[in-house]
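Q: Hey, I'm new to this one. Where would you start?

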Amino acid sequence: MLANLPLVGRLFAEEEAMSFATMEDAQHVVERLSDELQKTAEAVRDLREAQARARERRLAELQEDVDRLRAQKERLEAALVAIDGELCEKESALRRERDDGAGATKAVPYGLVRRCDDASTTAIIGALEGDEVFQTLAAAATEASSARDREEDAKLSEGVEFAVERGVLDEDVEVEPVRRIDITGRSAESVADEIYDACLEQDRSTSSAAQLEESSSASSAPSAPSSSFASVDKDVVGRVVVLQGPGGCGKGTTVAKLLQRFDAAVSWSNGNVFRSLALLASERARRSDKPLAKVLTEDNVKAWIGSPTLDLFPQGYDIAVDGEGITARVSKIANTLLKDPRVTAAVPAVAAYAQGEVLLYADRCVQRMRHDGLSVIVEGRAPALKYVRTPLRFELNVQDFSLLGKRRLANRILRLTMDKARSRDTHDKDDDDVFPLLKASLTEINK
């Protein structure tokens, strides 16, 4: 006969101690205890896994809240900057009205000028547009700007026609409708707001259409097995926005405002692509001891256009150049190799020959970034932008083209005035009047 088992006695409470007649009885108890211990261990493991999943969900929710609040903070800060600019502009307008009534000169506060934005140039125009010298210089700037636009459009069109003749580009391209925005009397903030709202409306329309199509397909098609693509974040929205218009209409300023509004946005310019090709072409000409025109061949351009590749690096998207013995990223050589005199001199010839290849390359790059969930803003000229596919197309227009010359002149005056203010160190308060410096800058430009 077996006595009480110490193990069993320890596993049960004192009153539950048991005696066993056979070893088989003891074995049954041990097996039952083992099963219960295993179930308890599994329950504990399941509980810990559930707690870990709950913690991960909570962390994800908190991260979403943090990202949302950060984005909201950035929008509020941008709105505060806009309000501050409008306030300064209105205060400046109020001062001008008072000064006009008193027959005094027009005061322009340093706080408004040092913003160096469209509110600054608007204030400068308002202060100086009655000046005969300003009017004369602005008219000349308008004519020069128009002539430059005509010249650049002609060169661009010639490059496109050459690409069509070579079969690189299609001659007939169906371009999506363009939304035209009159910027007369409007700030860059309000123009950017209109474009941003139009983009969101397009997103909603596209989403609704996609949901209707998905619903229709689901009701008529048999169910399909689940796919790993179901985990893709459908809230990530990428888009390509093109912005065109005459020189001096504020495209660059509007792009900067739009970059502040979208959660994940980048701007795209073909300039560094042309400079990268010019770098490769000039290096081939140097190494082969041939004129640039001799190395600009279809085969070479085809090889070179495959060298600048768009890749995602830790710092963001960048163009990697790898050819003709050169391996570098554009962001690293933008202010060095790409501004070498040889490269600068080669850009016009490269642009004339490889316009088509660059336009197709640009469309591939911006579509890739759009697919990755980025908002890509492309500004330029209509003959080139028609080869970028997107329903979000905007054109900035002005009723009075003299405004373009006034803006260009105001920007020159702004730069000179800021240099004078910094060097003299006498206008360090926001309410200091810099009108005399504006006049001095105007006089300097007129020399």
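**Helix packing and a pocket**

A: H4 and H15 are roughly perpendicular to each other, a label for angles of 65 to 115 degrees. Bear in mind that this is a predicted model, where local features need pLDDT of at least 70, side-chain atom pairs count only at pLDDT 80 or more, and totals for chains, interfaces and linings use all residues. Residues are numbered from 1 along each chain as its sequence is written, and side-chain values use heavy atoms, with hydrogens and water left out.

Q: What's the angle between H4 and H15?
A: About 80 degrees, with the axes 11 Å apart. H4 covers residues 118-128, and H15 covers residues 435-446. (Helices are DSSP runs of H or I, at least four residues, numbered from the N terminus; axes are lines fitted to C-alpha atoms over the stretch in contact, and angles run from 0 to 180 degrees between N-to-C directions.)

Q: Which residues make that contact?
A: Ile124, Ala127 and Leu128 from H4, and Phe435, Leu438 and Lys439 from H15. Contact means heavy atoms within 4.5 Å. The contact residues of H4 and H15 split into 5 nonpolar, no polar and 1 charged. (Ala, Val, Leu, Ile, Met, Phe, Trp, Tyr, Cys and Pro are nonpolar, Asp, Glu, Lys and Arg charged, and the others, Gly among them, polar.)

Q: And how do H5 and H15 cross?
A: At roughly 50 degrees, and their axes come within 10 Å. H5 brings Val133, Phe134 and Leu137, while H15 brings Leu442, Ile445 and Asn446.

Q: What about H5 and H12, what's their angle?
A: Roughly 75 degrees, and the axes come within 7 Å. That makes H5 roughly perpendicular to H12. On H5 the contact uses Leu156, Gly159, Val160, Phe162 and Ala163, and on H12 Ala352, Tyr353, Gln355, Gly356 and Leu359.

Q: New topic: which helix gives the most to the lining of the largest pocket?
A: H12, residues 341-371, with 7 residues. The lining has 46 residues, and Glu152, Lys251, Glu379, Gly380 and Arg381 lie nearest the pocket's centre. (On a 1 Å grid over the protein atoms alone, a pocket is an open set of points where a 1.4 Å probe fits, with protein on both sides within 12 Å along at least five of seven lines; lining residues have an atom within 4 Å of a point.)

Q: How many of the lining residues are charged?
A: 12, alongside 19 nonpolar and 15 polar.

Methods
Helix = DSSP H or I, 4+ residues; strand = E, 2+ residues; numbered from the N terminus. Parallel < 35°, antiparallel > 145°, perpendicular 65-115°, else oblique.
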